[in-house]
Amino acid sequence: MKSTDPHHVRVAARPGEPVVLKIDGHDVASGVEAYRIAQMAGDDPEVTLYVQPGWKGIEFDGIAEVMAEPSDLRHVVVDFIRSIDWRKLDEAVLGRDDLDGKPGELTRATLAQLREWAISA
C-alpha cells in the first residue's frame, strides 16, 4: 500500500441514532469524540478524527498519513498565547496600516495580528 492510497471511510450520522464511523471497515466510532470532513474542489476529501485521550483503537496495516488529535484543543490556544512576546505584539499592532482611529481599533488590530501569526505558524 502506498502512502498516497486512499482509505475507505464510512460516516453515517442521523438524528437520534448513533454515528457510524468506519475506516477500511474497522468501526472506530467508540473512540472518536468528533470528526471533520474537508474537501477542496478537485482534491480528495480529508477526514480528521478527534479521538478520546489515550484511545488506541485505530490500526493500519501499511503506510498511512494519520491525523488524529484530542477534541479538546484549548491547550493549543493556550500554548500559542503563551508563546507571544507582548513587546513584539505591541510593536506589530501599532505598526499596522489598518488602524483607523475608530473605537476598538487596537482590539481589532490585535486580533487581526494574532490571526495572521496563527496562520503563518
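Residues are numbered from 1 along each chain as its sequence is written, and side-chain values use heavy atoms, with hydrogens and water left out.

**Around Arg96**

Arg96 sits in the loop between helix 2 (86-94) and helix 3 (105-120); helices (H or I, at least four residues) and strands (E, at least two) are DSSP runs, numbered from the N terminus. Now show the contacts of Arg96, where contact means heavy atoms within 4.5 Å: leaving aside neighbours within four places in sequence, Arg96 touches Ala109, Ala112, Gln113 and Glu116.

Select Ala112 next, a residue of helix 3 that is buried at 12% relative accessibility. A distance drawn between the C-alpha atoms of Ala112 and Arg96 reads 9.7 Å, for two residues that are 16 apart along the chain.

Move on to Gln113, also found in helix 3 and buried, with a relative accessible area of 8%. Beyond four places in sequence, Gln113 is in contact with Leu89, Ala92, Val93 and Arg96.

**Helix 2 against helix 3**

Display both helices together: their axes come within 9 Å and cross at roughly 115°, which makes helix 2 roughly perpendicular to helix 3. Axes are lines fitted to C-alpha atoms, for helices over the stretch in contact, and angles run from 0 to 180 degrees between N-to-C directions; those under 35 degrees count as roughly parallel, over 145 as roughly antiparallel, 65 to 115 as roughly perpendicular and the rest as oblique. Helix 2 passes helix 3 in a right-handed crossing, that is, with the near helix turned clockwise from the far one by less than a right angle.

To see the contact itself, select Lys88, Leu89, Ala92, Val93 and Leu94 on helix 2, together with Leu106, Ala109, Thr110, Gln113, Leu114 and Trp117 on helix 3. Coloured by class, this contact has 8 nonpolar, 2 polar and 1 charged residues, where Ala, Val, Leu, Ile, Met, Phe, Trp, Tyr, Cys and Pro count as nonpolar, Asp, Glu, Lys and Arg as charged, and the others, Gly among them, as polar.

**Asp24**

Go now to Asp24, in the loop between strand 2 (20-23) and strand 3 (26-27). Asp24 has a positive phi of about 50° although it is not a glycine, and at 33% relative accessibility it counts as partly exposed. Most residues other than glycine have a negative phi.

**The whole chain**

Finally, zoom out and colour by pLDDT, the predictor's confidence in each residue, from 0 to 100. The chain averages a pLDDT of 81, and 80% of the residues score at least 70. Where pLDDT is low, the predicted coordinates should not be read in detail.

In secondary structure the chain comes to 3 helices and 6 strands, running β-β-β-β-β-β-α-α-α from the N terminus on. Of its 121 residues, 14% count as buried.

Conventions:
Buried means under 20% relative accessible area, exposed over 50%, partly exposed in between (1.4 Å probe, protein chains only).
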